[in-house]
Amino acid sequence: MIRRARLLLFAASGAGLVTLIVTAYLGLPAFGRISHPYGARAISAAVVDKGTANVVASVTFDQRGFDTLGEEFILFTSVLGALLLLRPSAEETKRARNAPQGRVLDSTRLVAHLLLPLTLLIGVYVVAHGNVTPGGGFQGGVILATALHLLYLGGDYATLRRFTPRAVFDVVESVGAAGYLVLGLAGLIAGGAFLDNVLPRGTFGQLTSAGTVPLLNVAVGMEVFAGIVLLLARFFEQDLELRGGDR
Amino acid sequence: MTALLVVALLLVAVGGGAVVLARRPDRQAVTLSVYGLLLSVLFLLLGAPDVALSQLAVGAVVVPLMVLFAHRKLSRRGDE
């Protein structure tokens, strides 16, 4: 009986959802059209008014900067929640320090060591050029975080731990998250609106153009970089350092 | 370009199906990574390089890694 009622409820709500989605899709502009009413306005606002070559960055950090603040704190709180859930419990005990290490092939070690500086450089590049080319703080931050883990792939866990001190990354994450807020408040004080882009626009297409956009990218980059590193560190700790407590 | 888009969309459909049909979480982590790569190619073809970059970093690398970690931890239940 309950099963039947559930099925009926699912059929009714499913049909409603399908109707709503189809109706919404019918109202969308045709697929693959060159012009788009919102797109045209966003592009002209980004390029003409705001002097930002990467239109997407202008939308996320200038025209819709407040939404991105929300997204940044969604990530911040999810990392916080995951760290809390993954903290060592009372039943878990430290493993013996010299747990057998898997063998790393020399070729893997070589490739990892060659890629490490290159990937770090790409990460910094993507963060720094967010206002002019695709990418930005979020993408670059994740690239930087994954780059550090080449230390594990090409070396061992101890090396990874040594280069990812938790206290430092805690500070970097918090400074990144707070930096966004501070830049928003600076806009409020200097320009009269939260996150107002008060800095000079600079020369279009240059690294220092687009006012506060590159600074916001750096703030987000720090937050994402440190957040992902801390998150993965907890997963590594659960997998490699702790035993027992499997409920 | 349209033909390329159709191919990319089909690959995404196949990839998504493969993730669901893999059933075992450890295999799903690998198929999810491939699926993430296919999705980022689709985003790139649709002219969204920013989204493609996020998708590549998060969907193809970080999320599958977290799934693998979680699976390893949980599958150790009862051992040791």
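A crossing of two helices is left-handed if the near helix is turned anticlockwise from the far one by less than a right angle. By that criterion, helix α6 of chain A and helix α3 of chain B cross in a left-handed manner. The model described here is predicted.

**Contact between chains A and B**

- On chain B, 15 residues are in contact with 15 residues of chain A.
- The side of chain B that touches chain A comprises eight nonpolar, one polar and six charged residues.
- The axes of α6(A) and α3(B), the latter spanning residues 49–75, come within 8 Å and cross at roughly 35 degrees.
- From α6(A), the contact draws on F138(A), Q139(A), V142(A), I143(A) and T146(A); α3(B) contributes L53(B), S54(B), A57(B), V58(B), V61(B) and V62(B).
- This contact of α6(A) with α3(B) has eight nonpolar and three polar residues, and no charged residues.
- An α-helix has 3.6 residues a turn, so residues three or four places apart point the same way.

**Packing of α9 and α10 in chain A**

- Helix α9(A) (residues 166–191) packs with helix α10(A) (residues 213–241) at an angle of about 150 degrees, and their axes are 8 Å apart.
- The crossing of α9(A) and α10(A) is left-handed.
- Residues of α9(A) in the contact include F169(A), V172(A), G176(A) and L183(A), while those of α10(A) include L216(A), M222(A), F225(A) and L230(A).
- By class, the residues of the contact of α9(A) with α10(A) are 16 nonpolar, three polar and three charged.

**Helix α5 of chain A**

- Helix α5(A) covers residues 106–128, and its 23 residues should span 33 Å at 1.5 Å a residue; the end C-alpha atoms are 33 Å apart, which agrees with that expectation.
- A bend of about 30 degrees occurs in α5(A) at L116(A), and a proline, P117(A), follows within four residues.
- The buried residues of α5(A) are G123(A), V126(A), V127(A) and A128(A).
- These buried residues of α5(A) pack against α6 (137–148) and α10 of chain A.

**Loop residue R23 of chain B**

- R23(B) lies in the loop between α1 (2–22) and α2 (25–45) of chain B.
- The phi angle of R23(B) is near 65 degrees, a positive value in a residue other than glycine.
- R23(B) counts as exposed because it has 8 C-beta neighbours inside 10 Å, and the cut-off for an exposed residue is 12 or fewer.

Conventions. Residues are numbered from 1 along each chain as its sequence is written. Chains are lettered from A and ligands numbered from 1 in the order in which they are written. This is a predicted model: local features need pLDDT of at least 70, side-chain atom pairs count only at pLDDT 80 or more; totals for chains, interfaces and linings use all residues. Axes are lines fitted to C-alpha atoms, for helices over the stretch in contact, and angles run from 0 to 180 degrees between N-to-C directions. Helices (H or I, at least four residues) and strands (E, at least two) are DSSP runs, numbered from the N terminus. Two residues are in contact if their C-beta atoms, placed from the backbone, lie within 7 Å. Ala, Val, Leu, Ile, Met, Phe, Trp, Tyr, Cys and Pro count as nonpolar, Asp, Glu, Lys and Arg as charged, and the others, Gly among them, as polar. The expected span of a helix is 1.5 Å times one less than its number of residues. The bend at a residue is the angle between axes fitted to the seven residues ending there and the seven starting there. A residue is buried if 20 or more other C-beta atoms lie within 10 Å of its own, exposed if 12 or fewer, and partly exposed in between; C-beta atoms are placed from the backbone.
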